[in-house]
Amino acid sequence: MIALLRRDLMLAVRAGGGFGLALAFFLIVVVLVPFAIGPDPSLLSRVAAGVLWLGALLACLLSLDRLFALDHEDGSLDLLATAPLPLEGIAAVKALAHWLTTALPLVVAAPAFGILLSLPAPGFGWLVVSLLAGTPALSAIGTFGAALTVGLRRGGLLLSLIVLPLYVPTLIFGAEVARRGAEGLAIGPALPLLAGITCGTLALMPFATAAVLRRALRG
Amino acid sequence: MLGASDLVVGRGGVALLEGLSLAVGTGDLLAVRGPNGAGKTTLLRTLAGLQPALSGSVDVAPDTLAYASHADGIKPSLTVRENLIFWADVFAAPDGIAPAVAAFDLEPLLERLAGRLSAGQKRRLGLARLMVTGRPLWLMDEPTVSLDSSAVAALAALLQAHLAGGGAAIIATHLDLGIEGQVLDVTPHRAQGRTAPRGFDEAFA
């Protein structure tokens, strides 16, 4: 499993892996927002937390369709399925690799992008906390969606349609934590709920993903 | 090593081949022949446990076989060495990659990116990948595709060595590799009346 994680990280960093694409997309979304709604700092600072969360969530989608599709095309998935690794383990490692290569850079960059949207000072810490607590769920759900669409040509769009509704609870509570933090309110139950969603997702999704992969391998 | 009795295999719930019984022991080579679309790939995938048999049973220990599809399972942005080490790690191969590298003469290519290899070299790497799994039973789907005649001869020699070393192989191929072995022609086993059940939709099977 460590070998698989190491390979996926290596593939992501090498040319053609799409590493940094999500980050660039996130940056572009954040830069475009002031053009769309106007440069007024007080308006921007009110929507900053929500826009940052939405941008990070959409950026997370970008590399999902390659998660299993490449391994499926080149036959690696068949051999992995007959390897002495449980498919559940493969699914978990894939989700972890996606989080490390796509979501973690977004979490790290989010405070810098927050400056562009004049996020209020108390919001930076809570933005990072909410993203750290929420993005693992995005990766786990996305891995499930990637497994669902693995055999399909042009499955990327369908993948977004399947995954985005499943992202709604995470977005609601994640953005709520960041917004309350930015406005200096008490965080309240939003953070425990967000963490709960993430924990539940992490516990269940590898099994759902593995079941769907088995289905896909039947061809 | 592998046995199957009264096997019915199919795709999407529709039987393709039925009444198959086969036994492969140590040192055996089984060549699966048949026209395109007869179900050779489906049979191999079923034997590999990648899809369930419609009926009948396959009797094989799951840690004895390695399956190679048409594709080589090679990552173009990794070097030859990295590709092989990955599979050796996944399969916890006791000997590492050295024997496979030697067998397929990959030593001079080790630091090359796999994406820069020629088709024949890629195939050699793909076969080396099969070897580093350390599994005794190879299931190979059309291993001679895109190989020139000298590479086919090399593959045959390698297979012979594998069989002599206590391995076994089941190969779907149109070419005669010139190795003594059983031949399973699937043509007489093709399922009759291949009509889909009413209301059957392949997408939801």
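1. In this predicted model, the helices α3(A) and α8(A) are roughly antiparallel to each other, because their axes cross at roughly 150 degrees and an angle over 145 degrees counts as such. Helix α3 spans residues 41–61 of chain A and helix α8 spans residues 155–182 of chain A. Their axes come within 9 Å, and α3(A) passes α8(A) in a right-handed crossing.

2. The residues that form this helix contact may be followed on each side. From α3(A) come Ala48(A), Ala49(A), Gly50(A), Leu52(A), Trp53(A), Leu57(A) and Leu61(A). From α8(A) come Ser160(A), Val163(A), Tyr167(A), Leu171(A), Gly174(A), Ala175(A), Ala178(A), Arg179(A) and Ala182(A). Sorted by class, the contact of α3(A) with α8(A) has twelve nonpolar, three polar and one charged residues.

3. A further point in chain A concerns Ala186(A), which is found in the loop between α8 and α9 (190–217) of that chain. Ala186(A) has 8 C-beta neighbours inside 10 Å and therefore counts as exposed, the limit for that class being 12 or fewer. In sequence, Ala186(A) and Gly89(A) are 97 residues apart; in space, they are 38 Å apart, C-alpha to C-alpha.

4. Chain B contains an open sheet of three strands in the order β2-β1-β4, with antiparallel pairing. The edges are held by β2 (14–24) and β4 (55–60) of chain B; each has a single partner strand, so one side of each is left without a neighbour in the sheet. From one strand to the next, the twist averages 30 degrees.

5. Within this sheet, strand β1 (residues 2–11) of chain B and β2(B) pair in the antiparallel sense over seven bridges. One bridge may be named: Arg11(B) has Val14(B) in β2(B) as its bridge partner. Helix α1 (residues 40–47) of chain B packs on the sheet and touches β1, β2 and β4 of chain B. The direction of this helix makes about 125 degrees with that of β1(B).

6. Finally, the two chains meet in a contact that takes 23 residues from chain A and 24 residues from chain B. On the side of chain A that touches chain B, the elements giving two or more residues are α1 (2–13) and α5 (76–81) of chain A. The largest share of that side, five residues, comes from α1(A). By class, the residues of the side of chain A that touches chain B divide into eleven nonpolar, six polar and six charged.

How values were computed
Residues are numbered from 1 along each chain as its sequence is written. Chains are lettered from A and ligands numbered from 1 in the order in which they are written. This is a predicted model: local features need pLDDT of at least 70, side-chain atom pairs count only at pLDDT 80 or more; totals for chains, interfaces and linings use all residues. Two residues are in contact if their C-beta atoms, placed from the backbone, lie within 7 Å. Helices (H or I, at least four residues) and strands (E, at least two) are DSSP runs, numbered from the N terminus. Ala, Val, Leu, Ile, Met, Phe, Trp, Tyr, Cys and Pro count as nonpolar, Asp, Glu, Lys and Arg as charged, and the others, Gly among them, as polar. Axes are lines fitted to C-alpha atoms, for helices over the stretch in contact, and angles run from 0 to 180 degrees between N-to-C directions. Angles under 35 degrees count as roughly parallel, over 145 as roughly antiparallel, 65 to 115 as roughly perpendicular and the rest as oblique. A crossing is left-handed if the near helix is turned anticlockwise from the far one by less than a right angle, and right-handed if clockwise. Two strands pair if DSSP finds at least two bridges between them. A residue is buried if 20 or more other C-beta atoms lie within 10 Å of its own, exposed if 12 or fewer, and partly exposed in between; C-beta atoms are placed from the backbone.
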